[in-house]
Amino acid sequence: MKLLFKQRFFSWLDSYDIYDEAGNTVYTVEGKLSWGHRLEILNADGSPLGTVKEEVFTFLPRFAMYLGDAYIGQIKKEFTFFKPVFTLDCNGWQVEGNLFEWDYTITDAYGAEVAYLSKELLHVTDTYVLDIPDPQNALLVLMIALAIDAAKCSNANN
């Protein structure tokens, strides 16, 4: 399964539309006014599915993830010199990026690839392709991609 993650051009808060390979809107992401990033994920019908909330007053970016109101874990950026690394405390997954922070691989506890995230260049807004072999992982992979994108913005502000 592939998803296209595309930021809206005119948006005061982070807002994204997530499309499938056929161009259908699968998810909508709405940024909410809060202290730090708060991104709410809605399905195509507008029903809430999950939330990614930035935890403020941390040295490196850290985000809590929720399915509905239930906390499912967090993703935090680790201190590294060359390649970005994120630690997840759910599912035993790990996220590692390339030197330019454009491509990320998500692996499970056994090293098997769960998803591959790649940034498409030459677009006016942030655009990512999420390649997810198991569609059941799509929502969690989307949450991770949103946190990574927001972490890059947080790093620019630090």
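## Close-up views of a predicted model

View 1. N91 sits in the loop that links β8 (85–88) to β9 (94–97). Keep in mind as you look around that this is a predicted model. The phi angle of N91 is near 65 degrees, a positive value in a residue other than glycine. Is N91 buried or exposed? With 51% relative accessibility, N91 counts as exposed, because the cut-off for that word is over 50%.

View 2. Follow β11 to its pairing with strand β12 (residues 127–131). These strands run antiparallel as well, and four bridges join them. Which residue of β12 is the bridge partner of Y116? It is D131. While you are looking at strands, here is a handy rule: in a regular strand the side chains alternate between the two faces of the sheet.

**View 3. The largest nonpolar core.** This core has 38 residues. Which of them have the most contacts inside the core? They are F5, I75, V95, I106, L130 and I144. Helix α1 (residues 138–157) provides the largest share of the core, with 13 residues. As background, nonpolar side chains tend to be buried together in soluble globular proteins.

**View 4. The neighbours of I144.** Now zoom in on I144, one of the core residues with the most contacts. Leaving aside residues up to four places away in sequence, I144 touches M65, I75, L88, W93, V95 and I106. Among these neighbours, I75, V95 and I106 are also on the list of core residues with the most contacts.

**View 5. A nonpolar patch on the surface.** Four phenylalanines, F59, F79, F81 and F82, form this patch. Together they have about 620 Å² of accessible area. Where is F82? Look in the loop between β7 (70–77) and β8. F82 counts as exposed because its relative accessibility is 66%, and the cut-off is over 50%.

**View 6. Three salt bridges.** The model has three salt bridges in total, so let us visit them one by one.

- K32 and E30 form a salt bridge, and their closest N and O atoms are 3.3 Å apart. K32 counts as partly exposed at 32% relative accessibility, and E30 is partly exposed at 27%.
- E40 forms a salt bridge with R38, where the closest N and O atoms are 2.8 Å apart. E40 is buried, because its relative accessible area is 18% and buried means under 20%. R38, at 28% relative accessibility, counts as partly exposed.
- R62 and E55 meet through their side chains in a salt bridge, with 3.7 Å from N to O. R62 counts as partly exposed at 26% relative accessibility, and E55 is partly exposed with a relative accessible area of 26%.

How values were computed
Residues numbered from 1 in each chain as written. Predicted model: local features only at pLDDT ≥ 70, side-chain atom pairs only at ≥ 80, totals over all residues. Heavy atoms only, no water. Pairing = 2+ DSSP bridges. Helix = DSSP H or I, 4+ residues; strand = E, 2+ residues; numbered from the N terminus. Buried < 20%, exposed > 50% of the residue type's maximum accessible area, 1.4 Å probe, protein only. Core = buried A, V, L, I, M, F, W, Y, C linked by side-chain atoms within 4.5 Å. Contact = heavy atoms within 4.5 Å. Patch = residues over 30% accessible without salt bridge, like charges linked within 9 Å, V, L, I, M, F, W, Y side chains within 5 Å. Areas by Shrake-Rupley, 256 points an atom, 1.4 Å probe, with all protein chains shown as cover.
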